[in-house]
Amino acid sequence: MPSVSRRAAIGLAAGAAGVLAGCSENPGKPNGAGVPQQRTGEPVIAPPVPMPAPTRTQAPRTANPIPAENSRSVGKRWLADDPGFRSADDVQQQIAAYASETSVGLGESIDFHVHVGDAEPYRIEVFRLGHYGGTGARHMMSSPVLNGRPQPEAERAVKTNIVYCDWPAAWTLKVPAEWVSGMYVAVFTTASNHRSHTVFVVRDERRSGNLCVVLPFSTYQAYNPWPRDGRLGRNLYQGYRLDGVLGNEERSRKVSFDRPYSGSGLPYLFDTDYDLIQWVERSGYDVTYATSVDLHLGRVDPLRHAGLIFPGHDEYWSAQMRAVTETAVAGGTSLAFLAANNIYWNIRYEPGDGRPNRTITCYKSMQEDPSTPTRQATVTWRSLGPQDAEQRLLGVQYNGVVAKTAPLIVQQADHWMWQGTGVRDGMALRRLVGGEADGRDARFPFADGVQTLLTASPYMTTKGKPAVQNTSVYEAASGAVVFCAGTFNWPLALNRRGYRDSRIQRATANLLNRILGPAGAPGDRA
């Protein structure tokens, strides 16, 4: 969601708690000079632009543990219906927690910082998310019973409106070396049966030749309004005024990882990422996991992987994150962006609580961003210059918020991505253009490669303007494939009840199999 004025971001960010079962500003200055015009759906050959081409490391393909992991007994179920448990809330804060890092390596430790409002015992249970025969998670371990106590109220720095906590570590998890890389969730339950969560990733840098799923923790935090209490809560979109009404000027200019996620503790649009996790593991693909912070820190070596998958809404990117993905494409590593409105805001990572990279800075204004060269300002990527527009890497870029869910209209049905799906040109795949959408923008440079627009889907924006959504794939000179779905609802079609679509499942399998090559594809199990 690019703009603070689009809708009530804090209310939206709380949606993930009950779900599990865009841009209103000028999109950028026109840059028509020298940009070739193509007909919609016609393969595009963009003018060549020099790009560093590192020598690709032919990393050996390691054994795939995903099928065996998902066949294990799940034990206690994470999302089992139990009327005895009640979700904690941001006003009473019966229990709330955050992790010391967004990810942890095998054999390393991660701390959990926990507040318990009524000073009562609680327990922490850790689950790994996957398919697991449809149960969605496996119970990994439990803490001993811990003595919970209230922690100091969160603080707010007036100048930037950053909200942060300074709570001591309550429990430390040392990750066993035999665990499998994945998205994990820590579940915190009090003796009075109030429950909250926090998510984190377990990395495994030993694996290679596979697909690496990069979870959008920077965007999670950008939308996090904790505490949504009518007084203190803020995110990069809105904050509470003194009268308790949400205002745009009261938004944070910086947000901290040193605080819980709002509501149940599950981040905004986390369920979209969970849809991809369940489908990709059910399909048996060899995947490891990392976070956007790992991408920023250089923990993800793209040349060790066949491809990087960005499963959901991934809007907030640092220069370091973008450099890694550009290196990936230049070196032959493919990228798959399965949602829309990606790489929109340029951000900086800064220290917090005495630790590096615990703060995300995004002023969204060159005038507000203090002592920052224009070239590094925390504004939209496309406003930094035409060559920085996200389309230059993605192939398409954000063009609107979808007012009403619209069908995905197929074109180029003979393309390899549509092979075996049974689609034909002009076919409408219902309910698949939703949330936010991308399209190719002739005012900005195109990606460097042979591009095909797989869809051309008319829709109306929330501003009442007509727009066209495009799903794009292009092949770079390095051999890398770059895919962008251009809609929030593509991952839903992989797994979500009411949205599942075998044609999108097959197309996505075609994409991943192409990236992996015959030796790495798990077979036709979409």
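A cavity is a set of points, on a 1 Å grid over the protein atoms alone, where a 1.4 Å probe fits but cannot get out. Its volume is the space filled by probe spheres set on the points, which are joined across faces, edges and corners. This is a predicted model, in which local features need pLDDT of at least 70, side-chain atom pairs count only at pLDDT 80 or more, and totals for chains, interfaces and linings use all residues. Residues are numbered from 1 along each chain as its sequence is written, and side-chain values use heavy atoms, without hydrogens or water.

The largest cavity has a volume of about 70 Å³. Its lining (residues with an atom within 4 Å of a point) includes Tyr98, Thr198, Phe217 and Arg358. Strand E3 (95-99), strand E13 (194-203) and helix H4 (217-223) each give two or more residues to this lining. Helices (H or I, at least four residues) and strands (E, at least two) are DSSP runs, numbered from the N terminus.

Now the cores. A nonpolar core is a set of buried Ala, Val, Leu, Ile, Met, Phe, Trp, Tyr and Cys residues joined through side-chain atoms within 4.5 Å. Buried means under 20% relative accessible area (1.4 Å probe, protein chains only). The largest core has 112 residues, of which Trp78, Met183 and Trp490 touch the most other members. Helix H11 (residues 502-516) gives the most to this core, with seven residues. A second, separate core has 24 residues, Met140 and Phe200 among them.

Helix H7 spans residues 319-330. Its buried residues include Met321, Arg322 and Val324. Just after H7, Gly332 takes a positive phi of about 95°.

Technical notes: On a 1 Å grid over the protein atoms alone, a cavity is a set of points where a 1.4 Å probe fits but cannot get out, and a pocket is an open set with protein on both sides within 12 Å along at least five of seven lines; lining residues have an atom within 4 Å of a point. The expected span of a helix is 1.5 Å times one less than its number of residues. Buried means under 20% relative accessible area, exposed over 50%, partly exposed in between (1.4 Å probe, protein chains only).
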